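The following report describes how two chains touch, how one of them is built, and where a single residue sits within it.

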Amino acid sequence: MTLRSTTDRWGAIAKAFHWTIALAILGNGVFGLLMDLSHSPMQKINWLALHKSIGLTVLALALLRLLWRWFDGRPPEEPAPRWQQWSARAVHAFLYALIVAIPLSGWWFNSVTGKPLQWFKQFNLPALVPKDDTLRHFAHGVHEYLFWFLLLVLVAHVGAALKHHVFDNDNVLRRMLPFGRPRPLPDTEGDRR
Amino acid sequence: MKRPVLSSVALLLALAFPGLAAATDYTVQPAASKLGFSGSFQGETFNGNFDTWTAAIRYDPADLAHAAFDVTVTLASVKTGDSDRDSALPGSDFFDVAKFPTAHFVTTGFRRNGAQVIADGKLTLRGVTKPVSLDVTFQPAAQGATLDVDGVVHRLDFGVGGGEYADTSVIGADVKVTAHLQLTAK
């Protein structure tokens with residue numbers, strides 16, 4: 001497996017970004033929703049600190065990923081109807097936007113509440129905006145609903161990937177799987193149906 | 001706290017030897033005075049202050065032997081600019097104002113370290129009494145004086161934020177106490 005993407009599969013770095021961010025943002029989102037299960041205020045403080053640290057990591061990875069995507073390019077799109085190609089592009093654009101917007105909205109929410117923002121107890125980051133109690137509820141809503149929106153977009157993303165894998169028998173999912181090998185291209189092997 | 005015997009002695013000395021330094025009793029001007037502190041939470045310094053406190057100050061830089069500070073702080077008057085923190089501090093995990101409504105600092109003696117005057121005293125907080133020392137800066141003025149003190153209190157010495165809150169990687173161990181007092185002579 002090469003580090004860079006090739007014409008028939010995503011490279012190791014693109015795959016690492018994809019799966020690390022997927023795991024981190026979903027895990028952290030569910031963790032964020034379960035925050036109220038903490039059994040003491042101090043545990044909630046520590047959970048929130050962990051949630052923020054993971055979120056900042058996602059933000060950093062997302063920005064690096066966008067840079068890498070710009071430098072690395074991508075495997076060409078598989079043949080599909082035009083509407084499917086455009087839908088895929090729209091879904092991908094939303095996903096890229098959300099993996100930046102969700103952690104950023106958390107940072108904004110944190111700034112509005114006036115709380116410290118520390119990355120795994122190593123260093124602190126500044127507030128994006130001054131403390132503003134009137135925005136607290138709204139900022140929390142934005143942060144949470146962006147995650148629900150991500151889940152909605154993921155239904156399309158995961159659904160389409162599985163549809164390609166299971167019904168179309170193409171390489172759309174295989175070429176992004178960590179250890180996936182692309183199926184031989186149909187035109188080198190003849191008709192596979 | 002009044003010390004009638006000491007005051008009388010000072011008064012007698014002053015009468016017997018006019019011009020001899022004698023420690024003066026001062027009244028604190030609350031509107032122009034502030035008792036504050038700063039701690040740290042998740043790597044960030046925060047500042048707080050107490051709105052309600054009283055201080056009896058007797059001081060003369062030339063007569064440290066007769067100087068005395070006696071300060072009582074109403075702990076429930078704490079403000080730090082964060083509603084979560086301000087609702088937690090009076091609770092049983094921190095100041096526990098239901099059991100210990102006030103903190104009390106009284107000096108046991110004054111000394112000089114070079115040019116710096118240091119007030120040694122005892123702080124009683126949350127039912128625990130421990131020695132605490134404060135750096136003292138006294139500035140005589142036309143109508144009285146200003147007095148600035150600062151020192152460090154180790155919160156865990158007094159059980160402020162014990163249990164789960166004892167984690168000093170989240171809540172700093174040291175709390176810096178600073179006070180600025182505007183004084184008028186009695």
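Two residues are said to be in contact if their C-beta atoms, placed from the backbone, lie within 7 Å. By that criterion, 10 residues of chain A are in contact with 10 residues of chain B. Helix α2 (residues 41-72) of chain A supplies the largest share of the side of chain A that touches chain B, namely four residues. The table gives that side by class, where Ala, Val, Leu, Ile, Met, Phe, Trp, Tyr, Cys and Pro count as nonpolar, Asp, Glu, Lys and Arg as charged, and the others, Gly among them, as polar.

| Class, side of chain A touching chain B | Number |
|---|---|
| nonpolar | five residues |
| polar | four residues |
| charged | one residue |

This is a predicted model, in which local features need pLDDT of at least 70 and side-chain atom pairs count only at pLDDT 80 or more, while totals for chains, interfaces and linings use all residues. Residues are numbered from 1 along each chain as its sequence is written, and chains are lettered from A in the order in which they are written.

Chain B has two helices and 11 strands, these being DSSP runs (helices H or I, at least four residues; strands E, at least two) numbered from the N terminus. Of the 186 residues in chain B, 28% are buried, that is, with 20 or more other C-beta atoms within 10 Å of their own, against 12 or fewer for exposed and in between for partly exposed.

S38(B) belongs to strand β2 (residues 34-41) of chain B, and it counts as partly exposed because it has 17 C-beta neighbours inside 10 Å. Beyond its neighbours within four places in sequence, S38(B) is in contact with T45(B), F46(B), N47(B) and K176(B).
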